[in-house]
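Subject: A structure to look through, with notes

Dear colleague,

I am handing over a structure that I would like you to open beside this message. Please keep it in view while you read the notes that follow.

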Amino acid sequence: MLRTAAPLCLALAIFGAVPSWPLSVDAASEPSAPRKTLRAFDDEQQLAGLFKRWADEAQRRRDDAQQARLKKAEGAAPSTQALPLPAPTPAPAAAAPATAGKAESVTNVQHAGVDEGGIVKLHGDHLVILRRGRLFTVRIAGHDLRPISAIDAYGPEVDPQGAWYDEMLISGNTLVVIGYSYARGGSEIGVFDLAQDGRLSYRATYHLRSNDYYSSRNYASRLVGNKLIVYSPHVLSPWGDPYAAFPAVRRWRPGALPSDFKRIAPATRIYRSDEALDPFAGVALHSVAICDLAQPELDCRSTAVLGPPGRVFYVSPNSVFVWTTAWRSGVLAAAPVSAVFRIPLDGSPPSALKTAGSPIDQFSFLEDERGMLNVLLRSNGRGDGMWAAESGAGELALMRVALASFSDGKDEVPKDAYLRLPKPAGYAVQSRYIGPYLIYGAGSGWSVPSAAVRSPIFAVRYAAGEVHEVPLVHPVDRIEALGNHALVVGSDGKDLHLTSVRLSDPPATVDRHLRPGAAQGETRSHGFFYKAESEVDGLLGLPIIGRDESAARQLSTGSAAILYLRNRGLALSELGTLVARPAQNERNDACRASCVDWYGNARPLFVRGRVFALMGYEIVEGKVEEKRLVEIRRVNYSPLPLQIAH
């Protein structure tokens, strides 16, 4: 299965010593319009010329290597000189970005109005669930809790072997499943029709050429209105045909051929800065495909940028940001270090800035309402591909720049735009932007919780550069918003702690709830959900497991239960748990594809005043009575067979 420490001097060299925080950039008259934009290739001939130079250099290195073997005694060695990109041609100025509207969701999303690919969604009177290569609908109208429909998450003539079906999104009555196929070497987009009565029917499958998009924290797809947004990394090799990795789409059919792929990123939609990238050290084509789900046939257009392979992908309501980082021989490259690309959703040309360091994950970013981009960085990072976000190596800093300062990629972020931050104790760093604050801390991550890992949280008022330390008695394994305030979750190797934090001036802890003998059972952001009942009150749910179990358990085994708490003015009280029945979930389901729960399998759900727990193939409903939660019904929606248990 293929889904398989920096010193302070390095931080000073990368981030600089910041005496004060710049505030004047907040006064930009056009906060979202870049000064200049990146430049695309003029035409296919210019792009082919670049690849010809790469191929010639690759052949020269082959020849040098052969001569070196023949002259080994003389110590001859091949050259490692980087190849420059061709001189770019000016592109037209960017148009103003689009504004996305809000959309309700049962998914714990980063931005209102930007839905994220998940394993459960709400469509009318039905819950729609993606699990182990199949789609299911469960009717919840009135007091109902009844399985309705089940269908494979791939086409009837598609061989699912070697494929993983990870994420699902719904636009109107169109459902899309995003997956990755090692057998076919690219992302799959399965399109299904979803009727109002919950019936599912297959429409088509499309293949999008890409490398694996998997991240232990991030999601590959977003939905803004009718726009499906899919990020795809494409590593380009000078040793073979680089066009073989270019963004392209084909509709699946029996006997589909490589020639069926149609490129969706012409040379005139491929952008780069003036950096001389070395294809022998690693160059990737970072592609953002935007597909119109309102059309009967999937219509996708791609915008791509050339950069180093290390990446973090973030979507705001207006733009896609791709942060690229060079990595050579285990240390950050001297030049270029990093760059951040901004790709507007309205199709206008991207812009960029040269930067330092690397974000930890998508939650390191915030495009705020003042037209500023805020990014939490570490000096030693490779992006968030696979499990790279789970490492805590490197010193930390906050970068804050105006969107108006983005340009054609020649400009560097000034040193005074970086604010060096205290580094928390712990292995894996967690962060969230809540109100005017960036909150961050560290904990055990995917490891078995340890009492030795303890961390305060740090609350940074990012617009002013004020840093507040808030002491805790436990690690930081999750940070979530409780309205305008924060919840910090961590396991100390014995018990699970949930601490509420009032984000006043200064921030301070308010209450701490202890769940003995437990740890959180899901590490992804979607594993948590908070349902606000007023500005200061609400309900929250979180999957839990035993205290001695690693969070990696979520890949193969369901959570033991989902814990529910009530928040009353940041005072936390336990309502109870909805518990899984392992015997019901362990039945043989004849799984053919995607048989590991890479995205977890447990979710708390609050729908129309009702409380549900999704745990594997079970959905359990509870009812809040006075100060406790009691189970009232459950259903097993597994395909063999569909049964209801009351």
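In which sense do strand β13 and β14 pair, and over how many bridges? Before the answer, please keep in mind that this is a predicted model. Strand β13, which covers residues 248-251, pairs with β14 in the antiparallel sense, and two bridges hold that pairing. Within it, Val249 stands opposite Lys262, which belongs to β14. These two strands are part of an open sheet of six strands, arranged in the order β7-β8-β9-β10-β13-β14 with antiparallel pairing. The edges of that sheet are β7 (163-171) and β14 (262-263), each of which pairs on one side only.

The next part to look at is the largest nonpolar core, which has 22 residues, and of these Ile129, Leu605, Ile619 and Tyr637 touch the most other members. The elements that each give two or more residues to this core are β4 (126-131), β5 (134-139), β43 (602-607) and β44 (610-615). As general background, nonpolar side chains in soluble globular proteins tend to be buried together. If you select Ile619 and set aside its neighbours within four places in sequence, you will find it in contact with several residues, among them Leu127, Ile129, Val138, Phe612, Leu614 and Tyr637.

Strand β44 deserves a careful look of its own. Six of its six residues are buried, so β44 is largely enclosed by the rest of the structure. Arg610, Phe612 and Leu614 point one way from the strand, whereas Val611, Ala613 and Met615 point the other way, and all are buried. β44 runs antiparallel to β43, to which six bridges join it, and Arg610 is the bridge partner of Val607. The two strands form a hairpin with two residues between them, and Arg608 in the turn has a positive phi of about 55°. β44 also runs antiparallel to strand β45 (residues 618-625), this time with five bridges, and here Leu614 stands opposite Ile619. The hairpin of β44 and β45 likewise has two residues between the strands, and in it Gly616 takes a positive phi near 65°.

How many aromatic pairs does the model contain? The count comes to 22. One of them joins Phe136 and Tyr617, whose ring centres are 5.9 Å apart and whose planes lie at 80°, so the pair is edge-to-face. It links distant parts of the chain, since Phe136 is in strand β5 and Tyr617 is in the loop between β44 and β45, 481 residues apart. Both of these residues are buried. Tyr617 also has Arg131 lying over its face, at 4.5 Å from the ring centre. Elsewhere, the charged end of Arg432 sits over the ring of Phe363, 3.7 Å from its centre, and one aromatic cluster is formed by Tyr314, Phe321, Trp323, Phe365 and Phe406.

Finally, is His474 buried or exposed? His474 is found in the loop between β33 (466-470) and β34 (478-482), and it is buried, with a relative accessible area of 0%. Its side chain makes a polar contact of 2.8 Å with the side chain of Thr499. Leaving aside neighbours within four places in sequence, the residues in contact with His474 include Arg454, Val488, Gly490, His497 and Arg512.

With best wishes

Conventions:
Residues numbered from 1 in each chain as written. Predicted model: local features only at pLDDT ≥ 70, side-chain atom pairs only at ≥ 80, totals over all residues. Heavy atoms only, no water. Pairing = 2+ DSSP bridges. Helix = DSSP H or I, 4+ residues; strand = E, 2+ residues; numbered from the N terminus. Core = buried A, V, L, I, M, F, W, Y, C linked by side-chain atoms within 4.5 Å. Buried < 20%, exposed > 50% of the residue type's maximum accessible area, 1.4 Å probe, protein only. Contact = heavy atoms within 4.5 Å. Phe/Tyr/Trp six-rings, centres within 6.5 Å; stacked < 30°, edge-to-face > 60°. Lys NZ or Arg CZ within 6 Å of the ring centre and 35° of its normal. Polar contact = N/O pair within 3.5 Å; in protein donor to acceptor, adjacent residues only side chain to side chain.
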